[in-house]
Amino acid sequence: MEIIVSLSIVIAVVAVLTSIVLVRRVKKQIAEMTDVLVDVKNGNGNRRILSATNELTAPLAYEINEIVVAYESRLSTVRQTEETNRQLMTSLSHDVRTPLTTLIGYLDAAHKGLVTGKDRDDYIETARRKAHDLKEYIDVLFDWFKLNSNEFALEIQSVEAAELTRNILIDWIPIFEDKQVEYDIDIPEQPVRVRLDMDSYMRIINNLIQNVIAHSHADKIKIALSKKENNMELLLADNGVGIEKEDLKHIFERLYKCDKGRSEKGSGLGLSIVHQLVEKMGGSITVESLPGKGTEFMLLFPLES
């Protein structure tokens with residue numbers, strides 16, 4: 001009987017000592033968690049809670065780590081958005097205010113009679129072109145803000161892409177001829193059915209062609225539509241100045257403008273809008289270019305099953 005009592009006492013003492021050790025260990029871990037969370041709260045999103053898998057607080061530590069990672073990811077997105085908006089405001093100030101001031105100057109000179117005859121007509125024509133440039137710039141800004149708003153929604157429907165593409169390109173032919181750009185358009189007579197948002201598809205083609213006209217200095221452009229396995233393939237290629245390898249890596253980034261072989265005109269948003277629209281419709285876009293040789297954009301959209 002005495003042996004049983006002694007054994008019980010020993011077991012109780014061991015249990016108490018074990019509990020004390022565990023409690024101290026848990027309290028220490030909780031203190032470490034608190035220290036990490038305070039550090040994260042103060043802006044250090046790289047802190048993590050270290051815990052062995054066999055410890056009591058391990059599930060809680062892992063859960064907190066996941067929350068911190070998710071929080072840091074959202075915070076990074078917010079920071080990127082704020083930086084983009086800041087750059088947009090800077091770009092807007094430069095790209096709108098400067099040509100607008102010039103536009104007003106030309107119109108004031110014509111209105112006040114500072115220029116007459118042919119010079120006055122030239123001033124008005126210059127003002128008209130600058131007004132159209134401003135409209136194009138503002139249209140791109142509007143598209144970008146709309147695309148990145150919570151209210152943006154695509155109207156995906158079954159589309160006969162061959163006929164739609166022909167109709168879009170018809171409006172560009174007079175511009176090609178006016179700019180003395182030789183064009184090669186290859187679109188099959190057979191229907192090509194794809195699920196697309198028609199307005200977005202039109203914006204994609206228009207932005208890509210406008211990019212060629214405004215920046216490539218090309219005198220030849222090729223646009224070809226075809227079926228490739230389970231995809232519709234749309235090729236748009238030019239023989240312009242091309243894009244440097246380093247610039248090619250960033251070509252679809254917001255506000256990115258190539259330094260070499262490009263004019264300063266443009267918002268830096270056109271190709272970013274193209275990339276986003278293509279992905280939102282379940283397609284893909286790639287680009288290849290050789291400086292001095294030209295650039296080739298390739299778009300793929302899944303064929304309607």
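A nonpolar core is a set of buried nonpolar residues, such as Val, Leu, Ile, Met and Phe, joined through side-chain atoms within 4.5 Å. The legends below concern a predicted model.

**Figure 1. Overview of the predicted protein.** The secondary structure comprises eight helices and seven strands. Of the 305 residues in the protein, 33% are buried.

**Figure 2. The largest nonpolar core contains 50 residues.** The members that touch the most other members are Tyr201, Ile204, Leu208, Ile209, Met232, Leu299 and Phe301. Helix H3 gives the most to this core, with seven residues. Because domain 2 (91-148) and domain 3 (157-302) both give residues to the core, it lies between them. A second, separate core has six residues, including Met33, Val36, Val40 and Val68. In soluble globular proteins, nonpolar side chains tend to be buried together.

**Figure 3. The surroundings of Ile204 in the largest nonpolar core.** When neighbours within four places in sequence are left aside, Ile204 is in contact with Val274, Leu277, Val278, Met281, Leu299 and Phe301. Two of these partners, Leu299 and Phe301, are listed with Ile204 among the core residues that touch the most other members.

**Figure 4. Leu271 in helix H8.** Leu271 has a relative accessibility of 8% and therefore counts as buried, the limit for that class being under 20%. Not counting residues up to four places away in sequence, Leu271 touches Leu208, Asn211, Ile251, Phe252 and Phe297. Leu271 and Ile204 are 67 residues apart in sequence, and their C-alpha atoms are 8.5 Å apart in space.

**Figure 5. Asn207 in helix H6.** Asn207 counts as buried because its relative accessibility is 9%. Its contacts, leaving aside neighbours within four places in sequence, are with Gly270, Ile273 and Val274. Val274 is also in contact with Ile204.

**Figure 6. The second largest pocket and its lining of 15 residues.** About 360 Å³ of space lies in this pocket. Lys146, Phe152, Asp197, Asp199 and Ser200 are the lining residues that lie nearest its centre. Helix H3 (117-147), helix H6 (198-216) and helix H8 (270-280) each supply at least two residues of the lining. Helix H6 gives the most, with four residues. By class, the lining has seven nonpolar, two polar and six charged residues. Domain 2 (91-148) and domain 3 (157-302) each contribute at least three residues to the lining. Rolling a probe the size of a water molecule over the atoms shows where empty space is left.

**Figure 7. Gln180 and its positive phi value.** Gln180 is located in the loop between helix H5 (173-178) and strand S2 (182-186). The phi angle of Gln180 is near 60°, a positive value in a residue other than glycine. With a relative accessibility of 69%, Gln180 counts as exposed, since that class requires a value over 50%.

**Figure 8. Glu229 and its positive phi value.** The loop between strand S4 (220-228) and strand S5 (231-238) holds Glu229. Phi of Glu229 is near 55°, which is positive although the residue is not glycine. Glu229 is exposed, because its relative accessible area is 74%.

Terms used
Residues numbered from 1 in each chain as written. Predicted model: local features only at pLDDT ≥ 70, side-chain atom pairs only at ≥ 80, totals over all residues. Heavy atoms only, no water. 1 Å grid on protein atoms, 1.4 Å probe; cavity = no way out; pocket = protein on both sides within 12 Å on 5 of 7 lines; lining within 4 Å. Points joined across faces, edges and corners; volume = space filled by probe spheres on them. Nonpolar A, V, L, I, M, F, W, Y, C, P; charged D, E, K, R; others polar. Domains from an automatic or database assignment. Buried < 20%, exposed > 50% of the residue type's maximum accessible area, 1.4 Å probe, protein only. Contact = heavy atoms within 4.5 Å.
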